[in-house]
Amino acid sequence: MASSDALLPISAREESDLNEETHRRRRPVKGLLAVSLGLLFIAFYVVLVATHDGSNRSNDVKIESDETATTTSRARLAGVSEKSNDKLWKLSGERNTVSFAWNNSVLSWQRTAFHFQPEQNWMNDPNGPLFYKGWYHFFYQYNPNAAVWGDIVWGHAVSKDLIHWVHLPIAMVADQWYDANGVWTGSATFLDDGSLVMLYTGSTDKFVQVQNLAYPEDLNDPLLLKWVKYSGNPVLVPPPGILPKDFRDPTTAWKTSTGKWRITIGSKINKTGISLVYDTTDFKTYEKHDTLLHQVPNTGMWECVDFYPVSKTAVNGLDTSVNGPNVKHIVKASMDDTRFDHYAVGTYFDSNGTWIPDDPSIDVGMSASLRYDYGKFYASKTFYDQNKGRRILWSWIGESDSEAADVQKGWSSLQGIPRTVVLDTKTGKNLVQWPVEEIESLRLSSKQFNMEVGPGSVVPVDVDSAAQLDIEAEFEIKKESLDKILGDASVVAEAEEFSCQKSGGASVRGALGPFGFSVLADKSLSEKTPVYFYVAKGKDSKLKTFFCTDTSRSTFANDVVKPIYGSSVPVLKGEKLTMRILVDHSIVEGFAQGGRTCITSRVYPTKAIYGAAKLFVFNNAIDATVTASFKVWQMNSAFIHPYSEEVVRAISSA
Amino acid sequence: MATIMGVAMGDIVDKTCKQTPDYTLCVTLLRSDPRSSSADTVGLGLILVDKIKELGYETLGQIVMLYKNKLMLRRPLHECNLRYKTIVDVDVHTAIIAIKGNPKFAEGAIVDAGVEASVCEGGFPKGQSPLTSLTQNMIKICDVTRAIVRMLL
């Protein structure tokens, strides 16, 4: 990635004033200088080795207060894991206090094998996903010039199966006054005649947010390479009462019962997040409703609003225009203030274009409301896949590392693996997501394991390479363990206080957990990313299950955000605990109970990489034994194809 | 009266700085720039991003000087050089372009600037950093700037 230097808008080369200084000094008297420099380097090396000797350091708990980190959780908790009486559970000791200097080998390992990402540079929101003439299309916010946000255009790629992608030329650039400062997020709508239109937000030359219409130049081109912007753009400008920078991300339109098309656009009024509604017949002129689709106080700006029907009974997806008694509607928004995506299940009233949630206590954007994903996941967007009758969810997965590292490695951000989305017909209250089945075409060899994992143990899982894996697992707490703990009054009820984020992570031992997998771990577990269940006893002796991912020890690097993510997950009577994990280098995606609770995390190990990355199954409960039955597949690369004219010609005629 | 004293009570600088974690630092930085009296929130944010840039360059100058003399600290100084170059070239640039159009990306860049400074400082063995007051300063300014940028969300 050395050439990425040339792509930076301003020189950020590593060769700096520093090296110029030393070069100037080295020219004269080479011999003597070389010898003394050599001695100095030896002395320096000795000092370095002495300070690097981590294993002999004292085991004092050291918490470094980090003034920047107050709200971003970059405070490094250099601590000792809770002591265990099992020698297999290694104490992590005092963390390395010297900065980890990224090198190209460690950085290049981070690139994923089967997640969508451009060849280089920055990406953010998914845009206008659709299926047309045999191809899945994906567009995305892209910076063609740097590995940081800026100069945003619409990148474009196509695939037959949502997994194997071919990069195409940029679809839309910022070439008009109405999108001069950014061709931002938008959505596609299919019209009755099978043609399609794209509505997107432009940031004008004066930084005002407006909505614009674009459509394919040639509907006979299945690759939809070229796009035309409507000459009458913008089609919508911020209405009275809405600030010029609070008006973006138009949705896919749906048909109303009167035959008009309807869209919604997120915004805010003071601190109330809102969703505006417009009707149109031609996508060029619109009528704004006086009422909103919905609003929730104190949630701030609603970005990337999404609105769609889900079936109450069936497992297939529904076209955005479907309505009826067997249907619920989802309102989703990305909260600018917190960078979380939230959704709620509710009822849509077509006659006036309004929607109310089934449960107002967990309304869209409230801190307790549902999220597609409890990790690093934002700006998500669904589309109806008419090819297979599914609703599919795309999501922007940003980096959790420093910009210095992003610039050095030359890229930033991924998309999550596309997921199908359906209403959970068993609970009726939440969505269920699952990686699209096409990902299974990447599965290579597999191994099946069945084992009992005793309390306080960590078991290596022999799977050869461990950076590209698909794991499906079933766990069960042994009945004797469960009965004993439920019957034991001295075991304190903790379900009400437990949270993945606040309860100390995977090293804190409870009566019935945590247990799960340590992925991207090195053989001494000095770096590891546990993905696990924590079962907590509740006051009424009921059990509450939590699903967490703990990235706090995922890397020695200290310029990386390392949160503990997760949430509770509904477990119905008679259900075993199931989890699926996709590991793909610097991204880990976990799915609990068939996708009722999902967690995406970004991790940047410095040691647990390449051949040194291993997989472990663990049970850190104090007393309970767990049976684990799981299958681990090696995953192939998706071989995402860089853009080339020959490839485009070849697939055009296919 | 209040204006003659050069301290306008209840003006935008005062109101804005009250919502940041360090009122005194915020007011000192902003009032040192004559543009602050007629600026909007975006303008105030840009003034502070300028301060980040200035401090970044000042620190880089220090780093270059120290590199000549403090041979034992060259490794962490080299890392600091990389980190501070990121601040002035990347973070500041992103913050400036994003603050006008899409402030959440400016927030990310400013948070990163604080992290880069912190990582630079953390690279020195305990008690041996020659840059502590500069890095601490950067972290504080980033905290204040971030608070102002968040007002734009």
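The predictor's confidence in each residue is expressed as pLDDT, on a scale from 0 to 100. Helices (H or I, at least four residues) and strands (E, at least two) are DSSP runs, numbered from the N terminus. In chain B, helix α1 (residues 12–17) has the lowest confidence, at a mean of 95, and helix α6 (residues 132–150) has the highest, at 98. Over residues 1–6 of chain B, by contrast, the pLDDT is below 50; beyond near neighbours in sequence, this stretch has five contacts in the model, a contact being heavy atoms within 4.5 Å. Where pLDDT is low, the predicted coordinates should not be read in detail. The mean pLDDT of chain B is 93, and 94% of its residues reach 70 or more. For the model, the scores are ipTM 0.92 and pTM 0.87.

The model is predicted, so that local features need pLDDT of at least 70 and side-chain atom pairs count only at pLDDT 80 or more, whereas totals for chains, interfaces and linings use all residues. Residues are numbered from 1 along each chain as its sequence is written, chains are lettered from A and ligands numbered from 1 in the order in which they are written, and side-chain values use heavy atoms, with hydrogens and water left out.

Chain A contains seven helices and 37 strands. Of its 654 residues, 59% are buried, where buried means under 20% relative accessible area, exposed over 50%, and partly exposed in between (1.4 Å probe, protein chains only). Among contacts in chain A between residues at least 6 apart in sequence, 64% join residues at least 24 apart. Chain A exposes about 25,800 Å², and carbon and sulfur atoms supply 54% of this area; accessible areas come from the Shrake-Rupley method with a 1.4 Å probe, and for residues only the protein chains shown count as cover.

An open sheet of five strands in chain A has the order β6-β5-β4-β3-β22, with mixed pairing; two strands pair if DSSP finds at least two bridges between them. The edge strands are β6 (165–172) and β22 (411–412), each of which pairs on one side only. Strand β3 (residues 121–132) is mostly covered, with 12 of its 12 residues buried. β3(A) runs parallel to β22(A), to which two bridges join it, and A:Trp411 in β22(A) is the bridge partner of A:Asn121. With strand β4 (residues 135–143) of chain A, β3(A) pairs in the antiparallel sense over seven bridges. Across this pairing, A:Trp122 stands opposite A:Asn143 and A:Phe131 stands opposite A:Tyr136. The hairpin of β3(A) and β4(A) has two residues between the strands, and A:Lys133 takes a positive phi near 45 degrees there. In a regular strand the side chains alternate between the two faces of the sheet.

A:Ser203 is placed in strand β8 (residues 196–203) of chain A. With a relative accessible area of 0%, A:Ser203 is buried. Not counting residues up to four places away in sequence, A:Ser203 touches A:Tyr178, A:Asp179, A:Ala180, A:Asn181, A:Gly182, A:Trp184 and A:Val208.

A:Ile477 lies in strand β28 (residues 468–477) of chain A and counts as buried, at 11% relative accessibility. Leaving aside neighbours within four places in sequence, A:Ile477 is in contact with A:Leu482, A:Leu512, A:Phe515, A:Val535, A:Ala624, A:Thr625 and A:Val626. The C-alpha atoms of A:Ile477 and A:Asp488, 11 residues apart along the chain, are separated by 16 Å. Ring pairs also link A:Phe449, A:Phe475, A:Phe515, A:Phe517, A:Phe533, A:Phe547 and A:Phe630 into a cluster.

Over all chains, the structure holds 40 aromatic pairs. Rings of Phe, Tyr and Trp (its six-membered ring) pair if their centres lie within 6.5 Å; planes under 30 degrees apart count as stacked, over 60 as edge-to-face and the rest as tilted. The rings of A:Trp396 and B:Phe105 have centres 6.1 Å apart and planes at 50 degrees, so this pair is tilted. The pair crosses between chains, from strand β21 (residues 390–397) of chain A, which holds A:Trp396, to helix α5 (residues 103–122) of chain B, which holds B:Phe105. Both A:Trp396 and B:Phe105 are buried.
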